[in-house]
Amino acid sequence: MSLRLSTVILPYRRWHEGGRWAWTHAEELGFHAAYTYDHLSWRSFRDGPWFGAVPTLTAAATATERLRLGTLVTSPNFRHPVTLAKELISLDDISGGRITLGIGAGGTGFDATALGQEPWTPRERADRFAEFVALLDRLLTQDSVSYEGDFYAAHEARNIPGCAQRPRLPFAVAATGPRGLRLAARYGQAWVTTGDPKLYENGTPEQSVQALRGQIERLADACAEAGREATGLGKVLLTGFTPDRGRPLESLDAFVDFAGRHQELGFTEIVVHWPIPESDFAADQKVFEQIAMEAPAQLR
């Protein structure tokens, strides 16, 4: 299977001051998909411009024709399944069925307290994530849903006509722990990882590859438990968070070597960050574009 190459475009630029150009140019460069983060603010970008994911993707959907679009990732931190489902159905319709929902458990960053709540414990995040994904699956596949859970509720929530993609738009479930991997196996059309965060500071690329191999093996076990073939589940690596950091974007050869090693592990899609000057995602724009246009042919 050919390795798909995608990009993630952070929503930090005004639409008419470079924002629109990035999305349309991503399509021109031939990327399989372009994603964006779904945060209220994020790390070093917190004190600068940052725009909402759903409006940004809606604008991108009207500005492009073929490019798949999505989030990497949406989480329960500030989202509710009922309202999110309505937005996703609308977005899938506007895009003509080109939306993928990247979805994860969330973390302890700014999103976790922006609504005035205390950060959830890891156990509560996992509990909420399980309920969130299961309810969202129902909301996107049924015309009317009523539900009363531990964390979320729906009362005759209507979602007619449903998604343009049937039975619903695909979920790309971000997970590394046992419960999350089981969710990916049950509900996901793809699985997303950023690698092992414990290796980011002092680990080596070789240790990262070994850790990713272990994650894929555990994913296969979760798929077997769910009664499905792991080969039918897309495997997505969001780059920039392994010990390799930005080195794969230093040259075409460096990227092909990096992507090839991960393709051998079983990854079906590699996602690279659109270059952002003076940030952790700084990269030479010309080299980035060369990688986008030439690397996929070398990874077939």
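Reader: Why is arginine 158 called partly exposed?

Author: Its relative accessible area is 45%. Buried means under 20%, exposed over 50%, and partly exposed lies in between, with a 1.4 Å probe and protein chains only. Arginine 158 is therefore partly exposed. This is a predicted model, in which local features need pLDDT of at least 70 and side-chain atom pairs count only at pLDDT 80 or more, while totals for chains, interfaces and linings use all residues. Residues are numbered from 1 along each chain as its sequence is written, and side-chain values use heavy atoms, with hydrogens and water left out.

Reader: What makes the pair of arginine 158 and glutamate 156 a salt bridge?

Author: The closest N and O atoms of the two are 4.0 Å apart. A salt bridge needs a side-chain nitrogen of Lys or Arg within 4 Å of a carboxyl oxygen of Asp or Glu, so this pair is counted at the limit itself. Glutamate 156, at 44%, is also partly exposed. Side chains of opposite charge can pair when their charged atoms come close.

Reader: How many salt bridges does the rule give?

Author: The count is eleven. One of them joins aspartate 127 and arginine 179 at 2.7 Å, N to O. Aspartate 127 belongs to helix α4 and arginine 179 to helix α5, 52 residues apart, and the pair links distant parts of the chain. Helices here are DSSP runs of H or I with at least four residues, strands are runs of E with at least two, and both are numbered from the N terminus. Relative accessible area is 23% for aspartate 127 and 33% for arginine 179, so each falls in the partly exposed range.

Reader: What joins glutamate 201 and arginine 245?

Author: Their side chains meet in a salt bridge, at 3.6 Å from N to O. Glutamate 201 sits in the loop between β8 and α6, arginine 245 in the loop between β9 and α7, and 44 residues separate them. Glutamate 201 is at 57%, and therefore exposed, whereas arginine 245 is at 34%, and therefore partly exposed. Elsewhere, salt bridges with shared partners tie Asp38, Arg79 and Glu87 into one network.

Reader: Which kind of peptide bond, cis or trans, runs from isoleucine 160 to proline 161?

Author: That bond is cis, with omega near 15°. The bond from arginine 166 to proline 167 is cis too, with omega near 0°. Proline 161 and proline 167 both lie in the loop between β6 and β7.

Reader: What makes β8 and β9 a pair?

Author: Four parallel bridges connect them. In one, tryptophan 191 is partnered by lysine 235 in β9. The crossover from β8 through α6 to β9 is right-handed as well. Ala190 and Val192 on one side of β8, and Trp191 and Thr193 on the other, are all buried.

Reader: What has the most contacts inside the largest nonpolar core?

Author: Phe31, Leu136, Leu140, Phe171, Trp191, Phe255 and Ile270, in a core of 70 residues. Helix α4 gives the largest share, seven residues. Such a core is a set of buried Ala, Val, Leu, Ile, Met, Phe, Trp, Tyr and Cys residues joined through side-chain atoms within 4.5 Å. Another core, of 19 residues, lies apart, and includes Trp50 and Phe281.

Reader: How does the reach of helix α7 compare with the expected value?

Author: The 14 residues of α7 reach 20 Å from first C-alpha to last, close to the expected 20 Å. The expected span is 1.5 Å times one less than the number of residues. Phe255 and His262 are among its buried residues.

Key
Two strands pair if DSSP finds at least two bridges between them. A crossover is right-handed if, with the strands pointing away from the viewer, the path from the first strand over the helix to the second runs clockwise.
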